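Q: I have a protein model to read. Can you walk me through some backbone and packing features?

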Amino acid sequence: MYDYIVIGGGSAGCTMAARLSEIPELRVLLLEAGPPDHSVDIHRPVAFYKMTGGPLTWGYKTAPMANVAGREVIYPQARVLGGGSSINAMVYTRGHPEDYDEWADEEGCDGWAFDDVLPYFRKAEDNERFANDMHGTGGPIGVSDPISPHPLSKTFVRAAQQAGIPYNPDLTSRTPAGCGLYQVFQRGGRRCSAAVGYLGPARPRRNLEIVTDCFVTKIIVEQGRAAAVAYEPKGSSEPKRAELKADGSGEIILAAGAIGSPKLMLLSGIGPAAHLKEHGLEVIHDLPGVGRNLQDHPDIYAINELTGPISYDVYKKPFKKLLAGIEYYAFGRGPVTSNLAEAGGFWWANESARSPDIQFHFLPGAGLEAGVGGSGIYGCTLNSCIARPKSRGWVRLKSPDPRESPEINPNYWDDPDDLATSVKGFKLVRKIMAQAAFKPFIKRESQPGSEVRSDDEIAEYGRQYGKTDYHPVGTCKMGTDAMAVVDPQLRVRGIERLRIADSSIMPRLISSNTNAASIMIGEKAADMIRGNR
């Protein structure tokens with residue numbers, strides 16, 4: 001029996017398990033569906049290119065979506081200790097301060113304004129360059145400058161400035177608009193995931209039990225209170241049950257992410273009653289917001305063919321790959337230290353937007369993400385995503401079978417303003433790539449190609465080839481309205497001893513990559529829980 005059971009060993013789950021187990025008298029259990037983070041590819045930053053379609057994901061695809069030509073879009077979600085922080089591109093961003101202020105001011109999430117959450121960002125951080133009121137040092141998560149940025153990434157930064165986007169030395173400042181090289185979740189040229197930064201020091205604690213390769217099937221609720229978790233260990237036909245202590249002081253904390261958390265809630269009989277009855281599930285608690293409000297960053301990209309072998313594509317050759325490995329292991333530098341998405345920034349597609357509404361990720365290579373074309377050429381890729389989409393989607397059950405993937409529909413471009421913003425963002429991509437800094441290196445635009453010119457043609461290209469930027473949130477949203485699943489203390493409405501603490505609680509998507517915010521949520525949740533004891 002345990003004081004706290006954390007379901008999901010991702011960014012937030014690792015953070016909470018480590019922080020709660022700092023109290024010696026508490027017994028903490030962390031359950032993770034995937035394997036331990038032992039794969040060498042996790043820890044070598046450049047291996048990100050293998051991760052989005054690799055074995056450490058759930059293998060999800062979206063439902064066919066009307067606004068992307070009926071396509072099923074590859075939807076990578078991590079299935080490994082460390083979660084997204086073990087397979088993502090390691091880009092360290094936090095979003096815009098106004099994102100969090102809107103959570104507090106417009107979504108009823110008291111205590112979640114930017115100045116409220118900033119201490120938790122700083123607490124998590126061990127920044128090698130910054131030490132000020134915005135950045136912390138000495139925290140569990142290493143945040144570093146790129147060790148060996150590719151010359152083309154620096155070319156992007158010059159070209160963006162030539163296109164009118166100013167250089168910003170700190171893309172996580174209070175004013176993150178501009179371009180630059182991203183800082184990354186790394187320490188010493190190795191990925192610093194939440195599993196490494198938080199669980200690494202916590203593993204020796206006798207009061208922390210970490211169970212990997214276990215499939216959680218249900219949260220068991222008794223008399224309106226979460227009481228236990230049912231799960232299936234790998235290789236065992238005998239299901240197990242982990243229980244909270246009977247004294248009533250502990251909690252189950254769900255941290256399975258924006259897809260996994262609503263799925264488990266629904267399987268446990270907590271969600272929209274009609275949907276649960278449709279699948280023959282007992283309605284434990286009618287909570288209509290579970291699985292709704294799915295938000296993600298849709299991405300349109302351009303691939304440009306280069307004039308010669310000057311991108312990371314050269315390392316697809318075995319001999320070059322061997323040389324890169326020697327440089328990395330002998331000297332701790334070179335292309336293996338690259339997160340691939342080395343440069344980028346934030347800028348306006350719509351001048352009326354309250355802050356930048358487009359984010360860029362520049363990759364000095366082609367075909368470096370699952371489902372993205374460009375293989376067979378020496379190329380570079382510039383992604384553009386909408387920072388704050390208006391469209392909302394959902395996560396639903398396809399059946400009551402826990403092993404079956406849920407129905408995932410981000411509903412990209414359901415709001416026409418989103419598509420219009422994506423088209424404008426893509427025009428900014430082309431403007432940057434047409435600048436003088438890139439002239440010596442660009443042979444032609446390979447995808448979509450010069451024949452795609454009008455707004456309608458760009459929109460159609462987006463429908464045919466647009467992808468996820470891997471940032472789903474919102475499906476168990478925090479707030480005070482009728483569709484809120486958790487309150488601002490992250491307690492599930494109507495169920496005692498159950499909280500949710502991961503990206504699913506974000507009422508609105510932040511204007512950037514989401515991993516730093518997920519860790520912040522884990523830090524703040526642990527602090528709230530410890531403060532209530």
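A: Start with Gln223, in the loop between strand S9 (214-222) and strand S10 (225-233). Helices (H or I, at least four residues) and strands (E, at least two) are DSSP runs, numbered from the N terminus. This is a predicted model: local features need pLDDT of at least 70, side-chain atom pairs count only at pLDDT 80 or more, and totals for chains, interfaces and linings use all residues. Residues are numbered from 1 along each chain as its sequence is written, and side-chain values use heavy atoms, with hydrogens and water left out.

Q: What is the phi of Gln223?
A: Most residues other than glycine have a negative phi. Gln223 has a positive one, near 55 degrees.

Q: Is Gln223 buried or exposed?
A: Buried means under 20% relative accessible area, exposed over 50%, partly exposed in between (1.4 Å probe, protein chains only). Gln223 is exposed, at 84%.

Q: Where is Met90, and is Met90 buried or exposed?
A: Met90 sits in the loop between helix H4 (84-87) and helix H5 (97-107). Its phi is also positive, near 65 degrees. Met90 is buried, with a relative accessible area of 1%.

Q: Which residues does a cis peptide bond join?
A: Most peptide bonds are trans. Here a cis bond joins Gln447 and Pro448, with omega about 10 degrees. Pro448 lies in the loop between strand S22 (442-447) and helix H13 (455-465).

Q: Which residues of H5 and H6 meet?
A: Contact means heavy atoms within 4.5 Å. Pro97, Tyr100 and Asp101 in H5 meet Phe114, Val117 and Phe121 in H6.
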